[in-house]
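Subject: Structure for your review

Dear colleague,

Please find below the structure that I am handing over to you. My notes on what was found in it follow directly after.

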Amino acid sequence: MNESPRRRLAAHCLSALLGLAAVPLLAQEDIRLPDIGSSAGAVLSRQDEQEYAKELMRQLRQYQLVVEDPLLVEYLDTLAYRLVEASDRPSTEFTFVLLNIPVVNAFATPGGVVAVHTGLILEARSESEVAAVIAHEIAHVTQHHIARRVEGATLDQIPILLGMVGAILAGGASGSGDAAQAAVLGGVALMQQRQINFTRSNEYEADRVGITTLARASFDVDAMAVFFGRMARLTRTNSAGIKAPEYLRTHPVTTTRMAEAKARADNLRQSNISEQPSFGYMRERIRVLAAAVPGEVDNYYRDLAQSRPLADHERYGQALAAIRLNDGERALRILASLDGSGVQGLPVALARVSAMVRQRDRDGAVAAMEQIRHSFPAHRVVVASYARMAVELGDRDLAEAAEAELRSLLLRDSDDPALWELHARNAELAGDLVRAAESQAEATYLRGRAFDALSQLEEVEKRPDLDYYQRARIQAQIARMTPLALEQRERFGRERPPEG
């Protein structure tokens, strides 16, 4: 999750041009909800929306913006689908994704992609505040605001964005700041011509539907007004020290709109608020994994501990920081006081395993992991953690078992490139080089590099030792990936697409 300055610039520009207006630094009278900010007139077919969503996910992954940590993915999905089930249209298809972009924001797109920035979760003080933003974005999808206002030109955004971000990444290699700035300004100018904001009625409806969804899901219905009110105060004091360009400012929320949201909350307020205890743990996990310099976040917890006793979730974050510094012994000392039992204790239990691996305590790590696997059989996070442990220990026997479990998991969750990469690494460690190459190619494809994935499979197909079933399987993958690879070749010419 670490970012170079050049990659961070590219990420921010991609975010901005997708219409993901940052919440900080708004006018004193206004509070702006985080929305897609780009929509238009014609209704897309369901197939068009699905293809848009798939392409967007490939490109977000290609530029390494997607957080693929299994615990964080599981947490976001659990939170978001709780809201979907409480919505007016629980059968709507969604893809929820966490983006490693350190600004307070979220957005929804055609095809039901709802993305949350890491900066939003770090700024939130309760799970209900995060849920409020997600519920608002879900409402934009379920109420068909996006589909009703998307014009054909919207689908041209991805090539524009790719060209601009690619120019930034390429320009950075030669140190050309002017080239990067020109790419940004050119992309902004073109995207501005295609941008039509949500109507005021859309925003009011998303507020109303979102708050109702919050109430049905037993979240705090006041959270939306509280969170964005705090964002407005941060804006007035400029505590973030960030100047938001005018073109990033979309969808103002007036004081009248905020008053109406509060009034709706008054009518829906309930006593049975239910939030996951793991929220604080996941927020600290983001803080640690997103830190570019592990030592800095470790110092953050040291300084915090000097001012007051650390809460359990903060000690968990402190332990993760120690693990990132390969200090397994200190991490285990910190984790000793935390409860590692039950579903809410799973992050703590897995952190203990990671600390033991850092100490090269194979027997201790394996024994602890077996207890976790017994408590959570076939759990996605546990299977992925087991597979990662096998790779980190370089243990062939563990890798063989993990490879088999991952293969079963991928039958249910085949669109996760991180799982495919884990499968590839375990298959290679177990000696199954053909499976390893196939899985690595699938991961490459899902990361938006179909051209490279196709080349990888074509090399594997040349192996003289393939049996009938292996060759047939690889040929089927080649046939599936070829259309997108040809499209990318046409888009980028004879050169390969830019790598993330």
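Helices, with at least four residues, and strands, with at least two, are DSSP runs numbered from the N terminus. On that basis, the protein chain comes to 23 helices and 5 strands. Please keep in mind that this is a predicted model.

Overall picture

The protein chain has 500 residues, and buried residues make up 55% of them. Of the contacts between residues at least 6 apart in sequence, 73% join residues at least 24 apart.

Confidence

The mean pLDDT of the chain is 79, and 72% of its residues reach 70 or more. Confidence is highest in helix H20 (residues 417-430), with a mean of 97, and lowest in strand E1 (residues 31-32), with a mean of 33. Two stretches call for caution in reading. Over residues 19-42 the pLDDT is below 50, and this stretch has 116 contacts in the model beyond near neighbours in sequence. Over residues 188-197 the pLDDT is also below 50, and here the model has 26 contacts beyond near neighbours in sequence.

Helix H3 covers residues 70-85, which is 16 residues. From its first C-alpha to its last it reaches 22 Å, close to the 22 Å expected at 1.5 Å a residue. Its buried residues are Pro70, Leu71, Leu72, Tyr75, Leu76, Leu79, Ala80, Leu83 and Val84.

Gln64 has a positive phi of about 55 degrees although it is not a glycine. Is Gln64 buried, partly exposed or exposed? Its relative accessibility is 47%, so Gln64 counts as partly exposed. Val67, by contrast, is buried, because its relative accessible area of 4% is under 20%. Val67 and Val97 are 30 residues apart in sequence, and their C-alpha atoms are 7.6 Å apart in space.

Helix H14 and the residue after it

Helix H14 (312-324) has 13 residues and reaches 19 Å from first C-alpha to last, close to the 18 Å expected at 1.5 Å a residue. H14 is mostly covered, with 10 of its 13 residues buried. Among them are His313, Glu314, Tyr316, Gly317 and Gln318. Against which helices do the buried residues of H14 pack? They pack against H3, helix H12 (279-289), helix H13 (294-307), H15 and H16.

Just after H14, Asn326 takes a positive phi of about 60 degrees, although Asn326 is not a glycine. Asn326 is found in the loop between H14 and helix H15 (328-335). At 56% relative accessibility, Asn326 counts as exposed, because the value is over 50%.

Helices H16 and H18

Two packed helices are described by the angle between their axes and the distance between the axes. The axes of helix H16 (residues 346-358) and helix H18 (residues 380-393) come within 10 Å and cross at roughly 5 degrees. Angles under 35 degrees count as roughly parallel, so H16 is roughly parallel to H18. On the H16 side, the contact is made by Leu346, Leu350, Val353, Val357 and Arg358, and on the H18 side by Val381, Val382, Ser385, Met389, Glu392 and Leu393. The residues of this contact divide into 8 nonpolar, 1 polar and 2 charged.

Arg380 is found in H18. This residue is buried, with a relative accessible area of 13%. Leaving aside neighbours within four places in sequence, Arg380 is in contact with Pro70, Val73, Glu74, Leu409, Asp413, Asp416 and Leu419.

A loop residue, Ser274

Ser274 has its place in the loop between helix H11 (255-268) and H12. Ser274 is partly exposed, with a relative accessible area of 36%. Ser274 and Glu127 are 147 residues apart in sequence and 9.3 Å apart in space, C-alpha to C-alpha. Apart from neighbours within four places in sequence, Ser274 is in contact with Arg82, Ser218 and Phe219.

Yours sincerely,

A colleague

Terms used
Residues are numbered from 1 along each chain as its sequence is written. This is a predicted model: local features need pLDDT of at least 70, side-chain atom pairs count only at pLDDT 80 or more; totals for chains, interfaces and linings use all residues. Side-chain values use heavy atoms; hydrogens and water are left out. The expected span of a helix is 1.5 Å times one less than its number of residues. Buried means under 20% relative accessible area, exposed over 50%, partly exposed in between (1.4 Å probe, protein chains only). Axes are lines fitted to C-alpha atoms, for helices over the stretch in contact, and angles run from 0 to 180 degrees between N-to-C directions. Angles under 35 degrees count as roughly parallel, over 145 as roughly antiparallel, 65 to 115 as roughly perpendicular and the rest as oblique. Contact means heavy atoms within 4.5 Å. Ala, Val, Leu, Ile, Met, Phe, Trp, Tyr, Cys and Pro count as nonpolar, Asp, Glu, Lys and Arg as charged, and the others, Gly among them, as polar. pLDDT is the predictor's confidence in each residue, from 0 to 100.
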